[in-house]
Structure formats: C-alpha cells, structure tokens
Amino acid sequence: MPAAPLDKIRSIVGAEHVRSGVALSAFVVEGRTPEAAVFPGSLEEVRAVVETAGNAGVPVIAWGGGTAAAVGTPVSRPAIVLGLGRLNALVEHEPGDLTATVQAGMTVAALQTALRARGQWLSLDPPDADRATVGGVLAANAAGPRRQLYGTARDLVIGATVVTGEGAIVRGGGKVVKNVAGYDLPKLFIGSYGTLGILVEVTVKLRPLPDDERLVAVPFERLKDAGVAVRAIMGSDLIPTALEILDAEASRAVGLTCPGQGATLVVGFDGVPEQVDWQCAQLPTLTAACGGGDARPVDPGAWSRLGDAARAAFETPAAVVKLSVLPTLVAETMEQGAGVARQRGLPTAWAAHAGVGVVRAAVFAQPAPAQLTPVVAVLEEWRSMARASGGHAVLEWAPLAVKGAVPVWDDAGAAGRIMQRIKRQLDPANVLNPGRFVAGI
Amino acid sequence: MVPLADARKASLRRELEGILGRGAVLSDPDELLVYESDGLTLFRALADFVVFPTSVEHVAAVVKLANREGLPFVARGAGTGLSGGCLPAEGGIVISLMRMNRVLEIDYENQIAVVEPGLVNLHLSWAVGPRGYYYAPDPSSQQACTIGGNIANNSGGPHTLKYGVTVNHVLGLEVVMPDGEIVWLGGRTRESLGYDLAGVFVGSEGTFGIATKIVTRILHKPQAVKTVLGVFDDVDAASAAVSAIIARGLVPAAVEMIDQLTIQAVEDAFDCGYPRDAAAALLVELDGLAVGMDAQAERIVEACRDSGAREVRTARDEAERQLLWKGRKSAFGAYGRVSPAYMVMDGVIPRTKLPYVLRRVNQIVAAHGLRVGNVFHAGDGNLHPNILYDPRKPGEESRVVAAGAEIMKLCAEVGGSISGEHGIGLEKMDFMPLIFSAADLAFMQRLKDAFNPTGRCNPGKVFPTRKSCGEAGPVAYRPHPIEEKGLAQRF
C-alpha cells in the first residue's frame, strides 16, 4: 500500500489508532496479513477512512470481534482492516419503546448486560457473545438456539447506519418497530459479510426478559427417533424456544451424555414459571412415545455452547459446514452425512437447530496431505445432500487447502446474478471485502 | 403519458390475447375505469391495458412484450392498497394477479405453504385452519387483500406486535424480474444463500419485479386466546396504559386503541359493546399457552387500572371476543355513518411518544376545521388518524391533504416513520425527504436499478419527484398528482 493514503488515514484517526507490523498478528487470516488495522473513533472517521482507502484502490475489511473473520474466500488483494472496536457504545435504550440503538463495535455480551439491568434483552444468542460484536453478528447473520422461537437478525433489526464503499453515510429503516417507508436496507446488510456497507450503528427490537427459562435434555438411542420427536413437539401446543439435536460426539462436547451412537434432544422453554413447569411436564410424554429416555434438566451454562457443539467436538476439525435443509429432513441429513464420512474413515460431529433446519457438521482428519482427498469428497457429498433437500451448504470454516478444492459458498444460480448486479450498483469500485462472498462478490 | 395510437393499441391487444387468451385482456376505457385507482381514491390513472395472466409464463411473456414496446407495467392484486401503489401512473399495462389465486402446496410438518400472489390473505388461513394452523399477518383488509399485495407493501395488522409483519413470514419467492426473467429469491429453507433478496423484495412496492409464487410460514394456532377491554375517560391515560403493559414485561399479541368518535361510529353501525361515552378503549389480546394466561391477563388488567381505566373487563367467551374484534376491524367502514368521506393516514412513532402525538394530531386536525377518528395499532406505535371530510364542500379535500402533511412531519419530528404499513406509493413520495437524506435515497435508487434498470416496472412511485431547494434529485422532476389537482403546494 502506498504511503500517502496510509499517512492520510493516520491523520484521520490519529496515529495511535493505526496498527502496523507485528501488531497486526491478531488480524492475520489464512496467512494473509493486512497492510494496516485502523480503528476509527466516530462515524465520520469511518467514512473518511473508507473514502481514502477506496480512492487509493485499497480494499477495506470490516472487523468486529474477529469471530467470523475466516468465513468466506479470503480477500486476495492487499487490504486494510477497519476495526469497529472503539465504536462500542449503547447509544440509546428506551425500555418503554422496547428498542435500543447501539454502535456496531459493542460486544453482544456487553449489550445484553446493559439491557438486562433494565429487564430486557436482544433475543439473539450467537456463539462467542463475549467477543462477537453486534455489527459482526449481523454481517455474518449469526444466531443461536433461541432462533427457534425468536428468529434471526432479519426479524430484529429495524434500522442501520452504514458507510458505503464510496464513503457515503447511508441510513436505512428507522427507530420504530414497524416501518415500510423506502426499501428495507437493513435486510440487505444482514448476512452480507461487509460487502455492501460497513455497519456502524444499528437499532434493534428488544423483548422483556422472561420470568423463567429452562433447558431440558432427552437422550435417544437412535438419532432418527430424536427427529421424530422434534416433529411431534412442533405439531403440539408446546412453544419451545430451542429445539436442538446433538449427535453423540457433539453431546459429549457440551457435557451431555447419550447412549452409544445415539443423540440428545435439547429443548428450551421460557415464560412465567407455571408455563415453563407445564411444558417441562408435557415434554416427556411426547418424547417417550418416540423412544426418548428420561428427560433431565440441563445447566443453563450449556445454552452458550449449543450453537458451537459440532465444532467443539474436535480440537482441530478439518472443516465445519452449515447445511440448510427442511426441518423434517434434519435427522436424515445428520445420519446420512455421518455415514458418508464413516465410509471414508473420517469421524464427524453433528448438531442442529432442528426446528428451523440449520445443521452444523464438523469433520476430523489427520493433518496430512493424503487426507485432503477424502475430506473434499465428503464435503462435496454433503453439499449434494443439502441441495437434494432443497437447501444449500456453506463451508463455515476450513483451511485454505480445503477451500481451494471445495467452494466456500454454494452456487446461488440465477439469484447470484442479481446479487452481482446489486454489488456492482452499491459498491462499484469493489472496495468492501472483494471476492469474499457468494457468486464471486 | 401520450396515449397509444388506435392502430398500435389494436395490434397490441391482439398480441396480448394471443398470449393470454380471450377474456383476459381489457382495453375499452369503460372497463379500464375499474382499475384507475386503489383504496386511496384521491389518485386516478388509466392504463392502456389490464391483463389477467394465469401462469408465471403468462406474466413473463407480458413483461417481455411491455419491454419490447417500451411500455410501463404494474402488478395489481385486489386494489385495496392505500397509497396509490398499484396505479398505472404512466399508462401502460396493469397485470392483475387475481386469477393466480391457488394454494399450490401445504407442508404442515415444515409449517410452510406455497401460494400464488392473487390468493386472498384470509383464504390462506381458511385453507390451513382445519389442521390447526393459520397465516399470521392480518391486515384489516384481509377478507379482500391478496398475499401478493401484502408482499409489495410488507403488510402488517393488529397481531404483528407479537408475530411480525409479512417479511418475517416469507421464506422465498418466484419472481418475474422487470426484464421478464423468472428467478427464485430465497426458497423453502429458513436460511437463504447470499444476500437476503426475498427480504428486500418484500416491501419494494412492486418496483423490483412481480412475485408469482410465495413460500410463506404458517403458524400453529395458539392453545388459548384472551382479550381484555380497557375503557378510559381520557386518551392520555389510555396511551399511558400501553407503556405500562410493556413495562410489566408482557408482549401481547395485539394492543389496539379506538377513540371516542370511532367507538360511536362503530356502535351506530354494529353494536359491538364498546361504551359510547368512553374517551378511548384499548383492546389487548394475549395468546399462547392456556396455563399462566389468567395470571398474565391479570397483569394487563392491573396496568390498565393503574393508568386510570374506568372499567376493565375480559371477553367472557369467543362470541364476545369476536364482536369486539369486529368493531375494531370494521371501524373504517363505520366512518361512513358519520362522514361522507375520510382519508386514512398511516404513520409510526415511538410508543412512549403516544400521549404527546395524539394530542398534537387532534390539535392539527382541529386547526384545519376538520374532525379525526383514531383507530390504530397502539402496541407498536402505528397511528391511523382518519380525517373526516365532505368532498362536495369546496376546499375541504385540500385541508385534509394539508393536515395530513403536518401529521407526517410530526411523526418524523418525534423520531418515527411516515408509513407503518400502507407504503409510500404515489401518496407519500414527497414526504420521503422528511426521514431520508439525499444519500439514503440515492442508495435506494441504485438498489432499484439493480432489479429494475429500465424503470418500466411500476414507474413513478416511492421516490420523491424532486428534492427540496430545487436541487436535481435522483429522479427527474414531474408534478406530484396532488399538485396537479391543485390541492397542495410543495413543502
């Protein structure tokens, strides 16, 4: 990167907020070190930094807590990291409106702590909440087990302020919970991995904290039966906040035990105590009819581990994949997928947000070049399985060698061409995270 | 818009009939009149043709023909919209989706339905009702409005407080793009790949393309429902009760407010059991598990009492509950009893600003020598002041428009929005700068260009006709329809 634009960036944010050299080690992704890591202290500074980088033809990688930094195809040109860490304030919280406006660099955990003090919460429970930032979680569309009842970012974000690749400040949505004025820009930025705009401030809908919340685990000897139980629960009057299926490996990773090669069904409930009591009492009747064992309470500490259960099963997995399928096909997908890997001698771990059809699988292989071929074959079969179920598969984490052999993103087809047109319209100079996303965006 | 020459019109008509069959193309001015406006009758515009496709291929062929001929086109459902969004503002072809009204598939286990855009909203709930399911978004026009129209406007309704608006239920769409290509945005799974195209398409007011199939969630009916009526002698107290309910940690399924003028109109028309002398009534609905419901209803009752309600009661049975809701949902029709015409406004404010804003709305309307009835979604701050007037009296219509503009400014000033569910359409294009900057609007315009580069798909909507201070805006200046009618000046 030429010296002049970097000098200008130093003058915008102050030299003490620009890291370079060895101080960049925390921002190395896939062996690539950025030219600099820049930490603006205001919306205007973010704007000026992006504009300066864009004019110099230097790509900008937005950075929150770095928890999803390795997702996607790495940016191939020399780039700068734009860290939102200094923009971490809760700007506004009006409990009577059930809304909050927060800067993108605030961690989810810090936000929840501040909201909890006033009896409310943001009903989004992504993994790594103590490090993941609000902006990063939205950009990666991360969520956790409570999405079963409370949905994902698209159901919660009502306004967003972004800096575009051309260095313009754009606001979409607003601060009210219902709003159809203009196009719904916040939807566009959620899950866009920083390719259309850098989220700087967002307004979200909140919920009152429930009076009571409980987590219950039911062991199953056969994974398939856990899938049948999920269908029975979804067709019943129960209103679970979470419906998770963990295979034996993933169960062990979060400290739950299940018989042999079976599975654990983990179900969450909230509400007033009598509602939680009643549902916990009803659950065993439903699950026993499907072959479930004794239901037992789970320590609330397990909530935060459920979303990452598959990955946590191995110290160094060879790949982690997210498969989106129809909810009724979750158990089948998990069993078939494990079988495909077993045939090639590779152990796997599986965990699913079963009620919404989001399945995560981790595959383990010895880190030897000879193991690359079976890993690639397994990943390709998993992707075909997801597609056959009307869904898709995304390689959420893998070493560069694997990413080189298996595309990170699934083929978006004709919709991918519309996405490319959107990217060309909104970031014509391709400044924001070039090449990282779907369809070569 | 220059009218089409007769010979060209006749030949296009033959070509359209070749695509769609006889009986599926209207072009006589008398027949076209039916389609010259929507629920907002202030605006009228005539199309050259109204066509009735029955398949996605029909829609794509008509769109391609329109492109070849350089004609604008606009999709239309039941025409119940309230912002002029489906009007053929610049002539061309109206594509009515009313004959594409089938439920194509219901997958109860995955809780999704695949439907055509012309399906009436309530008919989806009827289709899945016998198995214990329903479609949650419930606009007041749900007996007539279509799911396709709901997609265009991202429609809400009373129960969106707890269950969200249309976009929170739509998973995927088959769309005829403005160039005639047929594309799926999103799909059947909860997570889509790449940008949330279905998410931005919903609420794009027909300017991104025409949805021809819709994959939407259906919900399991709640085990129990309880409806509480709070009666107040004072509008401020009723407003305060809304915040008090929220403060007690409850998210009711719906919190609706009805003011005195509206109560009296509703009671004249339907005798629903609202006290005629009340200043305001709150209709609060809880749903969910049967167990614990009484305790939660008690919290609602307390919140109303503590805020100064003179009477709080729970609907004794389903019949009484239905009657109370009939009053709420029929309010618009009931205004006919007290006024020859009315204009529905739609704005959103932060819930905590309700008492102040309602006082100001009443002052604004009174200052213009008019009356207003309020019936609205208080729980999410979505106001619907209905300004009553007599179109036969010279000058009244323009006073209504002027009062409406002041109410929009008020909503913007308190940090709200100029539309909660009716959309921008033709009505509110020039209010957009109240809440969006030039940069915001330019960004939206480019997003539109990505979907609709020629602008032929529903032109002349959503974006302001020009920016203030005579700057060149993202769209070339043309007179606003209200301006052309001589009803208002620009602000």
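Modeller: Happy to! Let us start with A:A429, which counts as partly exposed, with 13 other C-beta atoms within 10 Å.

Biologist: Why is A:A429 called partly exposed?

Modeller: We set its count against the rule: 20 or more other C-beta atoms within 10 Å of a residue's own make it buried, 12 or fewer make it exposed, and anything in between is partly exposed, with C-beta atoms placed from the backbone. A:A429 has 13, so partly exposed is the label. A:A429 lies in the segment after α16 (413–426) of chain A.

Before we go on, please keep in mind that this is a predicted model, where local features need pLDDT of at least 70, side-chain atom pairs count only at pLDDT 80 or more, and totals for chains, interfaces and linings use all residues. Residues are numbered from 1 along each chain as its sequence is written, while chains are lettered from A and ligands numbered from 1 in the order in which they are written.

Biologist: What does A:A429 touch, leaving aside its neighbours within four places in sequence?

Modeller: A:A429 is in contact with A:G54 and A:G165; contact means that the C-beta atoms, placed from the backbone, lie within 7 Å.

Biologist: Now for B:L171: how do you know whether it is buried or exposed?

Modeller: B:L171 has 21 C-beta neighbours inside 10 Å, so it counts as buried. This residue is in strand β8 (residues 170–176) of chain B; strands are DSSP runs of E with at least two residues, helices are runs of H or I with at least four, and both are numbered from the N terminus. Beyond four places in sequence, the contacts of B:L171 include B:I112, B:G186, B:V215 and B:R217.

Biologist: Why are α13(A) and α14(A) called roughly antiparallel?

Modeller: Helix α13 (residues 330–343) and helix α14 (residues 372–388) of chain A pack at about 155°, with axes 9 Å apart. Angles over 145 degrees count as roughly antiparallel, under 35 as roughly parallel, 65 to 115 as roughly perpendicular, and the rest as oblique. That is why the pair is roughly antiparallel. Among the residues that meet are A:V340 in α13(A) and A:W382 in α14(A). The residues of this contact divide into five nonpolar, three polar and one charged; Ala, Val, Leu, Ile, Met, Phe, Trp, Tyr, Cys and Pro are nonpolar, Asp, Glu, Lys and Arg charged, and the others, Gly among them, polar.

Biologist: How many residues does each chain bring to the contact between the chains?

Modeller: Chain B brings 73 residues and chain A brings 68. On the side of chain B, the largest share, nine residues, comes from α15(B). By class, that side has 31 nonpolar, 30 polar and twelve charged residues.

How values were computed: Axes fitted to C-alpha atoms, helices over the stretch in contact; angles between N-to-C directions. Contact = placed C-beta atoms within 7 Å.
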